[in-house]
Structure formats: structure tokens, C-alpha cells
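Subject: Structure handover

Hello,

Here is the structure I promised to pass on. Please open it first, then read my notes below.

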Amino acid sequence: MQSSPPAARKPLLGGKQVPGDFWGALAAMLVALPASIAFGVTIYAAIAPSYAAIGALAGIIGATVIGLVASTLGGTDRLISAPCAPAAAVLSAFAIELVGQGIDPNTIVLLLVLLGVLAGIVQLLLGFIGVGRLIKYIPYPVVSGYLSGVGLIIIGSQIPKFVGAAVGTRWWEALLAPWNWDWRALAIGTATVIVAVAAPKITKKVPGTILGIVAGLLTYFALAIQEPKLWEVTGNPLVIGPLGAARDGYFAAITERWHDIGDLHLSQIASLFGSALTLAALLSIDTLKTCVVIDQLTRTQHDSNRELVAQGIANISSAAVGGTPGAGTMGASLVNLNSGAQTRVSGVMEGVLSLIAALIFGSFLAWLPVATLAGILIVIGIRMLDREPLRFIESRATVFDFAVVLAVVVVALTIGLIAASAVGVAMAIILFVREQIGGSVVRHKVYANQMSSTWYRPEAEMRIIEQKGNQAVIFELQGSLFFGTTQQLYSELEPELGKRNYVILDLKRVQSVDVTAAHLLHNVRQTLQERGAMLLFSGVREKLPNGRNLREFLEQTGVVNASDDSVVRVFPELDAAIEWVEDHILGEVQAPTEIETPIELQEMDLFSHRKDETLKDLETRMEQRTYRAGETIYAQGAAGDEIFWIRRGTVRIFAPLGAGRSRHIASFSRGDFFGGLAFLDNRPRGNDAVALTETEVYVLSREQFDLLAEEHKKLAFSLITAIARTLAIRLRHADTELTMLQEY
């Protein structure tokens, strides 16, 4: 199938697109109109043979009204809407059932009209409540299988007509009995196929389908020269034959039927709703599947709900005037697409051309060879076959995807397209569950002595955390926590539940959580509670991709108790949870004092072993500053000629990520220093320092340090050595954490 480039939505009268739309509409009409007539005859002939002519007219009116209304109100470019096979199947079965009940034929006709109207109303409601959005979730393997299945069905249905086999012959019976072929039909069909396939390689000005039809007509009339009886239309099996579209009094009869609606019993009307729901569902699925296929071929995107509303109004309008209900049809839409159509104008034109062809050019349409139409549809069917899934066989990872495609095709050929869609979606769900189960829900597993918080602590405290940090285990989870992954998650958690005092579950990358997973987390909570251990959650979002408030969901399922944090605590970020655990390990959880008093130089670890006289000389070189909470101490790109020691308060370091975003990477408190790297290499700052609380600092500039070094060389050397050693410890710890993360 040749696909068109992506196209923006165009106005209904699209200027330069009109010629392509006309050729596409003409080709589509030549496919849709005969099929519409056939569907109408199928439905009404089930009432009685004498109603076949009414069925032909119903098919014509259906093709006209549905084509005009659906394309005008819809919005899917290149979509052709007309009477279709699902409508014929449901309505003919309905008519046969009523005939068996002895219902009057005129009443059956009226009930068919009402059934079409009700089905349209149901489609209208489906569009208004947004059911059409569900079509977006149909996976590619299902669409591919559906596309190929429709292509094979089209090819199979046209083979008997292509070779001129008797009516009712199945495709395999026709192929296995070449002695029953009509060589005239075979010649006409072959000429059509050859020209339709070869023409696009020679010229793009006229669509290959049109040239193929012309080739079929010329071949037919060439045969007629040799066989004079082929100049007769009536009783000629090689051509469509008379349509009977000029029957007098048809519209008057439709008007009279609506006057008879008062004679129907409520029980008769009520009995229509079941069939109306079935018909509406089949027509909606057929339409939206066709839209999905068009999207695949043209790289556009349709509005499913708008299309359902348009199709519903179109079917109401068609049934109201005696036409056959319909849907977006695959075959005619693909003919339309391949013949150069660009916009939905082609659908409107197809409706107009159907009416003109039936009422004015009926005699011309009568001469269209059946084998020509069969040849065109066979070409379209072959182009519809999606060959891409054949690549899926090459890899074990995609073999199941190929099985989905194959299953959809097989069910489409043996049972039907609607059943094929259901089977495909069911298998796609199984495939999704398998993929979710196959992937690990645990992204990382580390201990608190392998991944520290961004809070920089004194060296002595870091040693304690390194020794006792294995009391806390950290699980970074990912993906979907649901019934398919709960066993896997529990197998990862279970070995740690009896050993660790703190279990941290980071849910930042979790996409969804179901009730089964919540029940597992509740059991984990109870297990830890029995040991006096604690469960900590981080990254608990208020809105998951599926729209669920995760924190509220955990509270509703009993995993988290907002009024009791003695067993379970929730933190906004993983760093906050790790920091809380570190504080507990260090035994530093104390009620904060109301006022944090500033400390002097000699109270800081870096200067704890220095002489008072030396520190006094150093302090005279330092500047004391105070920053308000939220005030920037330095920003990225600023000169790195100062180093800071915190007397009181807290400072956070933020690394810029671009686009106005930043990330918190470190925290420093009383007694810590920051700004050391830029101070040592004298390069611009690479991050931002912001006071979290009101903060007092000692500031030593590079200029003052150089003056100090001239008077106290040993002090300056010791100071630089101490700073470098502390920075090395910090970097070594960060390097260890990065190494641990790379192992997972």
C-alpha cells in the first residue's frame, strides 16, 4: 500500500486537493456503490424476492446519504462511509427472524428503518460519552493483523468473480476447478490488474485504479465485438447489469411508512434494542478500525469520538429516508486513498457521485464488468497485506507479537473481523502482562552505607554510617506494581524483612499500583511492625500517569496511616528518607533548640587542634556575613575566590539542569565548609549555594589567604591540606555510590 505524507487538517473545500479528491471519490464510488446495492438487496430480499428492487434503492440511498453526512460532520481525511457487510449480516438475520414469526412484510421494512435509526442513536451516545478514545489503545500487531485479514478476505471474496466462477462458489473451490472458469472474465480481470499495477510506474496524473477500470472496459468491448450477445445487459453475468434505481413511488412509500409507526406495539419497538446495540457496536468498530488503518498508512490521527457522532447522525439520516445503515468501509477508503484523495471532500464527492451514477448514469454503470471490479479489489487487497510483521519471526523477543498478528488474521478469515479484533486485543493484553512480569520492578537495591544523603557530615559520623548503614536497605522500584509483579517484588523484599531495621521503598519511577500490590505492601508493613522495624516510602506522587493519587490510594488500602507514623513514614524524596535514617543511626534525633547559637572557629572539626593564637590570626583575615533564608550566597558562573564556613544555619547546593531547572545535590550545616573546589582551582562556580535558613558564615577570600600564607606558611599549608583531605573524602564517597549504582 502506498502511503501519503502526513497532512494537516484541510478545509472542506480544499482548493488544490479537489482534483485528487475527485479521482479518489470516483474510484471509491465504483467500489462502494455496487457493494452498497448488493448489501441492500441481501437485506430486503430476505423479506421476499419482490423486495430486492427496494433493497437496491436502499443501498443507493445509503451510499449517498451516509457518504454526504458522515464526511461532512466527521473529519477523517479519505474515509469513505457506505453500507457495509456487518449491517447486511445483522439486518438480514433480523429480517429472516421476523419473517419466521409471520410479521407483515411492510411492518418488517418499518422495523428495519427503526433499527437503523436506533443504531445511529446508540453510536451518537457512544461518541458523546467518549467511548471512541478506547480505539487509541489497540496495539500495532492487532491493527496489522486486522489490515492483513481484511486484505485476504477481499482477495478471497473476489477470486470467484475474477475467474468467472458460478455464483456461490468459494475461493478455494474456484481455484481447484479451473475447468469451470470463464476465460472472458479472466481476460478482463487480468487486463485490469496489469494496468492498475503498471500504470503508476508510467504516469501519476491519472490514478492506476481508473486506468485499470478503463482497461477492463476496453477488454470487455473488444470481446463483445467477437461475441455479439455481450452487447446485452440483462442476464449478462459478466457485467453489473440494470440497477433498477428509477422505481416510481419509492419516496412516497417511505413517507407512508413513517405514518404507520403508530401501529407498532411497544413490545415490537423494545425488541429492537438488543439488535440495535449489536449493530451499533459492529458499525462503530468497523468505522474506527478503518480510521486506525488510514492513520497507519497516512501518519495522521483521527478524532474517534467525533467520527462516532458523525457516523451516528449519518445512519439516523440514512435509515430515516429508507437507506441502509453503514460505516467507514475499508475497501472503498483504501481505493480512495490510492487514487489520490487528500481530504474528507472525497467522501462528500463519493456520496454525490453515487447518487448521480445511480439516477443519471445507471445505464453506464450497468456495463461495468464484474471481473474488473474484482481485479481492482484484489490489487487493493494485496497492497493491504502488512509485510512488516514477518520480521518479528527473526527474534525470539518478538515471536509472540507475530503470533498475535497471525491469530488476528486466522480468526478474521475463519470467524469474522469483530471476533478477530477481540482476540487480538486479548492477546495483546497477555503480551503486555508478560512483558511487565518479565521486567524487574526493582531498579536498584543498596544499603545506607552505600548510598548516603546529600547532607555532608563530619568524618567521624561518616565512619559510623559506614559501619552501621547496613541496618537500612533501599529499594528503588520501577514500572507497574500489579498482580503480575507482586510475587517478584516479594521475592526481592522477603530476604531483607527479617534483617533490616529500616526498609526504604522509593516509588518515584512507579507507574501504577493495584490493590494486589497494595495488599503485599500492607503485609510487608505488618511483618516489619512485628520486629519493631520501620517501612519508609519516598517519591509517593499525588498523580500517577493513570491519574490515581498514590498517597491517597496507599492510605485507603491501609498501607499508610496518616495519623500514625511510628511504623510507616512517607517522604517527598529519597534523599530525605535516607537522611532521616542516618539521623536515627547516629542517634541524633533530638528536639531542636529554639535558637541555634553560632560556633567559633576552634569548635569546628577542621580547626579543633589549632592553637588559639593561630586561629585568632586566621579569624582576623575572615569576614563574617549573615544571609537570610532563601538568599543566594553565590550563583553558577560567579568567581570562585571565596570559601565559606558555617557558624549557624543550613546551606543547600543546587546543580543547574538547564531550562530554568535545578537539582538539590548537597546540604551543609553548622561546622561544615562549602565552596572549596572553586577556591582551590580558582575557576568560576559550577553550582548555586542558597541559605535554607538564616545563616551566619565565616568567609575567607583568596586574597586574604595569600596574605595569610606569607605570614603563616605552615598554617596556610595545613589549611589547604585539611580542605583537600575533606574534599577527597567527599569525592571518594560519591565515587563509591556511583560505582554501586552502575552495578545495578
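Predicted model: local features only at pLDDT ≥ 70, side-chain atom pairs only at ≥ 80, totals over all residues.

**What I found**

At 51% relative accessibility, Asn682 counts as exposed (exposed means over 50% relative accessible area, buried under 20%, partly exposed in between, with a 1.4 Å probe and protein chains only). Asn682 sits in the loop between α25 (676-681) and β14 (688-691). Helices (H or I, at least four residues) and strands (E, at least two) are DSSP runs, numbered from the N terminus. Asn682 is not a glycine, yet its phi is positive, at about 55°. Most residues other than glycine have a negative phi.

Residues are numbered from 1 along each chain as its sequence is written, and side-chain values use heavy atoms, with hydrogens and water left out.

Arg78 also has a positive phi, about 75°, without being a glycine. Its loop runs between α2 (52-73) and β1 (81-83). Is Arg78 buried or exposed? Arg78 counts as buried, because its relative accessibility is 1%.

Next, the cores. A nonpolar core is a set of buried Ala, Val, Leu, Ile, Met, Phe, Trp, Tyr and Cys residues joined through side-chain atoms within 4.5 Å. The largest one has 41 residues. Leu33, Val293, Met330, Leu334 and Met384 touch the most other members. Helix α1 (residues 18-45) gives the most to this core, seven residues. A second, separate core has 33 residues, including Leu528 and Phe553.

Now Met330. Neighbours within four places in sequence aside, Met330 is in contact (heavy atoms within 4.5 Å) with Tyr146, Val150, Lys289, Thr290, Val293 and Met384.

Then a helix pair. The axes of α20 (residues 486-497) and α21 (residues 515-531) come within 11 Å and cross at roughly 10°. Axes are lines fitted to C-alpha atoms, for helices over the stretch in contact, and angles run from 0 to 180 degrees between N-to-C directions. That makes α20 roughly parallel to α21 (angles under 35 degrees count as such). Residues making the contact include Leu489 and Leu493 of α20, and Leu520 and Val524 of α21.

Last, helix α17 (residues 399-414). Its 16 residues reach 22 Å from first C-alpha to last, close to the 22 Å expected at 1.5 Å a residue (1.5 Å times one less than the number of residues). Among its buried residues are Asp401, Val404 and Val408.

Best wishes

Conventions. Parallel < 35°, antiparallel > 145°, perpendicular 65-115°, else oblique.
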